[in-house]
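Thank you all for making the time this morning. I would like to walk you slowly through one structure, so please have a look at it before I go on.

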Amino acid sequence: MCLSGLMTQREVCLEPLRSTSPGTGGLASLLMRRRSTRRFGTQPLSIAQVALMARAAQGRTTGERRSCPSAHASYPLTLTVVAGKVDGLAAGIYQYEPERDALTLIADGDHRDRVAGTTLVDHAWLREAAALLLLSGDLEAAVQHFADQQPLGRRGARYVWLEAGHASQNIYLQAAEADLGAVLVAGFDDDRLLGLTPAVVPSGQHPMGLFGVGHPDDRQSA
Ligand SMILES: Cc1cc2nc3c(=O)[nH]c(=O)nc-3n(C[C@H](O)[C@H](O)[C@H](O)COP(=O)(O)O)c2cc1C
């Protein structure tokens, strides 16, 4: 228990410092506002909002660096955008290209239902998200690259999963900053997602996290 203002030998109470801590502005406030959204409104996203989310996940920053840290700056992640209701962007599956800050069309049409249908439990609300964002990674390449690091054969994959976590939090925080709703859905059937035609997961990659993104419904729930 943290007793306000009390400092004992074994406990330092941080709560009273909350309002006086340096840097309580932007990021601290975003962290407080970050939430998973599972009720989406009918309003479409704009292409600028999709661009914002894509850059948060995998955008270029300085030189070849990206928005999230990467072991050996190897950047094994790919972001795929499954656009449904996005003003200025035709419904389709797009791959985000960080080098050119561009979306490359992989397949046209609205594929949200098929992708959302791969979740382990029925997430009907995921179909209502204006766009789905899929993070995938090249686990094999990472395993090879870090083959000489203990635990042999497992270190590389661990790094890619960690990186996907960084990218995921970036998506969450960018959504909070832009007053958008987002939720990470990692409970999906890998085989069904990998087996979709046209393909949503890039060849040779492993699906890691699926996000629903859209305008939050006013009836927002936990
Ligand atoms: C690794 C991971 C997997 C998740 N998978 C799902 C999922 O399959 N379905 C879902 O509705 N939410 C999923 N979530 C979101 C959590 O349920 C959510 O973060 C949690 O309820 C806490 O709520 P908050 O994000 O609003 O703080 C996942 C979150 C993480 C970090």
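Let me begin with a question: does α2 pass α5 in a left-handed or a right-handed crossing? Keeping in mind that what we have here is a predicted model, the answer is that the crossing of α2 with α5 is right-handed. Helix α2 covers residues 47-58 and helix α5 covers residues 155-177, and the two pack at an angle of about 145°, with 7 Å between their axes.

Let me now turn to the ligand. Around the ligand you will find Arg34, Arg35, Ser36, Arg38, His123, Trp125, Leu184, Val185, Ala186 and Gly187, and by class this shell has four nonpolar, three polar and three charged residues.

Serine 36 has a polar side-chain atom 2.6 Å from an oxygen atom of the ligand, whereas leucine 184 uses the backbone, with an N or O atom lying 2.9 Å from a ligand nitrogen atom. Alanine 186 likewise has a polar backbone atom, 3.1 Å from a nitrogen atom of the ligand. As for cover, the ligand taken alone exposes 620 Å², and the protein buries 54% of that.

Terms used: Residues numbered from 1 in each chain as written. Predicted model: local features only at pLDDT ≥ 70, side-chain atom pairs only at ≥ 80, totals over all residues. Heavy atoms only, no water. Axes fitted to C-alpha atoms, helices over the stretch in contact; angles between N-to-C directions. Helix = DSSP H or I, 4+ residues; strand = E, 2+ residues; numbered from the N terminus. Left-handed = near helix turned anticlockwise from the far one by under 90°. Near = heavy atom within 4 Å. Polar contact = N/O pair within 3.5 Å; in protein donor to acceptor, adjacent residues only side chain to side chain. Areas by Shrake-Rupley, 256 points an atom, 1.4 Å probe, with all protein chains shown as cover. Nonpolar A, V, L, I, M, F, W, Y, C, P; charged D, E, K, R; others polar.
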